[in-house]
Amino acid sequence: MRAAGLSVDGRLLDVGLEVRAGGCVAVLGPNGAGKSTLLRALAGLLRATGSVYWMGTALERIPYIERGRRLAWLGQESAAEFAFPVRDVVAQGRFAHGDDDKLIDDSMAALDISHLARRPITELSGGERRRVFLARALATGAQIQLWDEPTSSLDVRHALEVYALAKNLSDDGSCLLVSLHDIRAAYRFDRVIVLDQGRLIVDGPPHDVLTAPLIRQVFRVEARFLTSLVPELP
């Protein structure tokens, strides 16, 4: 996925980036920095100026049904208006492809929701709903995965599992961009993009670009780095 000169109505200003197959990129920034706007523009969900390419093809030249096969989108919201069973919601990810029971079941298992398969999604907690929508994105089998704050509402265990899932997908050749608020979590990614006021501030390996001066400039807080250790899954 590649973008050049990407701008959206004053919310995103001349952003350029490239994420190749196997890339696992965290998108950081304070509230209103443009994280969600960037992901939505890359997904073709917002009108933008500039250019966006998926796998070498200009976005505007890709038919909508093909877009649904190439890209999976997870938005910020986890609201559910209709009482569909959880498995039916996950199966919606196969709309552009056709049914694949094994992939649906595997996606549910990966997000620890197999036991909820018959439950109406409206009866679930916010964290459980979040995992259902993540499983729906995973069930697409799409090579490009754009996740906007996927770990919101999740407990520590399930958040760690989501980060591990993102890494596994990229290791298998998928392209992932994941917006986050947790700076510490960004160290689990190969690369981090930091936005502020719609502009791309830095782009590079987290240990290189997430410095105390950068955090002070962008997040308006003082930071001290006490350890490089990051909790690992058991």
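**View 1. E66 and R69 pair within helix 2**. E66 is partly exposed, with a relative accessible area of 23%. Here, buried means under 20% relative accessible area, exposed over 50%, and partly exposed in between (1.4 Å probe, protein chains only). R69 is also partly exposed, at 37%. The two residues form a salt bridge, and their closest N and O atoms are 3.4 Å apart. A salt bridge is a side-chain nitrogen of Lys or Arg within 4 Å of a carboxyl oxygen of Asp or Glu. Both residues sit in helix 2 (residues 64–70), three residues apart, or about one turn of the helix. Helices (H or I, at least four residues) and strands (E, at least two) are DSSP runs, numbered from the N terminus.

The model is predicted: local features need pLDDT of at least 70, side-chain atom pairs count only at pLDDT 80 or more, and totals for chains, interfaces and linings use all residues. Residues are numbered from 1 along each chain as its sequence is written, and side-chain values use heavy atoms, with hydrogens and water left out.

**View 2. R87 and D101 form a salt bridge**. The pair links distant parts of the chain: R87 lies in helix 3 and D101 in helix 4, 14 residues apart. The closest N and O atoms are 3.6 Å apart. R87 is partly exposed, with a relative accessible area of 24%. D101 is partly exposed too, at 48%.

**View 3. Helix 4 has buried residues**. Which residues of helix 4 are buried? They are I104, S107 and M108, in a helix that spans residues 101–110. These three cover an arc of only 100° around the axis, so they lie on the same side of helix 4. The arc is that of the directions from the helix axis to the C-beta atoms. What covers these buried residues includes helix 3 (86–91) and helix 5 (126–139). Contact means heavy atoms within 4.5 Å.

**View 4. E222 meets R216**. Their side chains form a salt bridge, at 3.1 Å from N to O. E222 is exposed, with a relative accessible area of 63%. R216 counts as partly exposed, at 39% relative accessibility. Side chains of opposite charge can pair when their charged atoms come close. By the salt-bridge rule, the count comes to 15.
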